[in-house]
Amino acid sequence: MIFLEDLFYNFYDLLLIAVTAVIIYISVRKGISKSFMLIIGCVLSIFTAFKSGTVMADFLYSKIFQEKNIQHIHENISEMDFSRQYKAYIDSLGYSFTADAEKLEEIFKSGEDITEKTFQYFSSIQKNFDSEENFSQKFRTGYKQILFDSIKSDIPSFVIESPEFSKNEFDESIKMMYNDDTMLNAVYIEEHFTRKPAVSFIEKILFVLTAMAVMLLITAINDRISGFIPSFGIADHILGIVSGIAETAFSFIIISVAVKILIDAGNNEMILFNTDTIEKTGIFRHIYNIIIKNTVV
């Protein structure tokens with residue numbers, strides 16, 4: 001069982017070793033003269049994908065997904081009774097008092113110092129029920145939980161984010177729940193909670209597709225002209241390792257971004273594609289973290 005568990009968690013490491021071995025072997029056989037163009041292709045494909053991804057993702061999201069997301073959000077929040085839902089959330093925290101939904105609505109509609117006023121209201125019911133810092137954190141968590149529960153049936157959870165609002169932004173976001181123009185409220189939610197992660201997800205997909213398309217084009221061109229390029233002996237084949245290294249790096253980047261796409265799409269809950277599994281690998285986690293957190297996306 002321990003062997004099988006180790007094998008499962010090292011799937012990515014074994015994959016990287018296999019990819020590296022195959023690419024290096026092929027590159028050495030070809031030699032640097034017949035594969036030099038592939039080095040240029042690796043750099044060009046990543047550069048093109050990186051530079052074009054954000055612009056293309058923004059364009060596609062605004063043209064295809066944005067209006068639909070706003071409509072879905074609008075349909076889900078139109079009948080929302082925010083004060084009563086917040087009362088139910090507060091009551092679920094285990095405090096030994098019951099909140100008044102009408103009083104909460106009065107505080108929320110004011111749009112000013114909402115957290116402080118709510119804390120003072122609860123303190124007037126029960127002194128020392130919680131520290132203001134702890135309550136503030138729970139208060140914000142409740143807002144996001146109610147909002148997400150309301151829209152997640154039509155908006156994939158992996159494109160719903162929890163932005164870190166400043167105090168004024170948080171107050172404004174709650175006040176928006178009582179705007180008579182529910183479509184304006186839907187636009188606000190789409191802009192602050194779903195647009196950025198949705199564009200980021202599309203960007204990752206476009207990055208992989210663009211990089212692979214450019215690389216396939218360069219590879220096809222290289223295959224056509226390589227027959228006319230003479231080999232320069234053993235040194236030429238040994239230097240083919242340089243091309244192999246470039247192609248291996250390209251493959252690692254594509255694999256890492258593709259894995260990130262699957263992790264996001266599966267809400268980090270898929271058996272193989274989740275961060276816990278990756279963090280238990282010996283080699284892949286280092287490569288993955290460098291690529292995902294610090295460079296490409």
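What follows goes from the whole chain to single residues.

This is a predicted model, in which local features need pLDDT of at least 70 and side-chain atom pairs count only at pLDDT 80 or more, while totals for chains, interfaces and linings use all residues. Residues are numbered from 1 along each chain as its sequence is written, and side-chain values use heavy atoms, with hydrogens and water left out.

The score called pLDDT is the predictor's confidence in each residue, from 0 to 100. The chain has an average pLDDT of 87, and 96% of the residues score at least 70. Among the elements of the chain, the lowest mean pLDDT, 54, belongs to helix α1 (residues 2-9), and the highest, 93, to α11. Where pLDDT is low, the predicted coordinates should not be read in detail.

Turning to the overall build, the chain holds 13 helices and zero strands, where helices (H or I, at least four residues) and strands (E, at least two) are DSSP runs numbered from the N terminus. The C-alpha trace spans about 85 × 50 × 25 Å along its principal axes. The radius of gyration of the chain is 26 Å, whereas a compact globule of 297 residues would have one near 19 Å; this radius is taken over C-alpha atoms, and the globule rule is 2.2 Å times the number of residues to the power 0.38.

How much of the chain is buried? Buried residues make up 43% of the 297 residues, with buried meaning under 20% relative accessible area, exposed over 50%, and partly exposed in between (1.4 Å probe, protein chains only). Among contacts between residues at least 6 apart in sequence, 77% join residues at least 24 apart, a contact being heavy atoms within 4.5 Å.

Not counting residues up to four places away in sequence, serine 256 touches Phe284, Ile287, Tyr288, Ile291 and Ile292. Glutamate 247 is also placed in helix α11, and it counts as buried because its relative accessible area is 17%. With neighbours within four places in sequence left aside, glutamate 247 is in contact with Ile23, Ser27, Leu38, Cys42 and Met215. Lysine 280 is 33 residues from glutamate 247 along the chain, and the C-alpha atoms of the two are separated by 26 Å.

Asparagine 267 is found in the loop between α11 and α12 (275-279), and its phi is near 55°, a positive value in a residue other than glycine. Asparagine 267 counts as partly exposed because its relative accessibility is 34%.

Aspartate 113, in the loop between α5 (101-110) and α6 (114-125), is not a glycine either, although its phi is positive, at about 50°. Leaving aside neighbours within four places in sequence, aspartate 113 is in contact with Lys167 and Asp171. Leucine 216 lies 103 residues from aspartate 113 along the chain, and their C-alpha atoms are separated by 57 Å.
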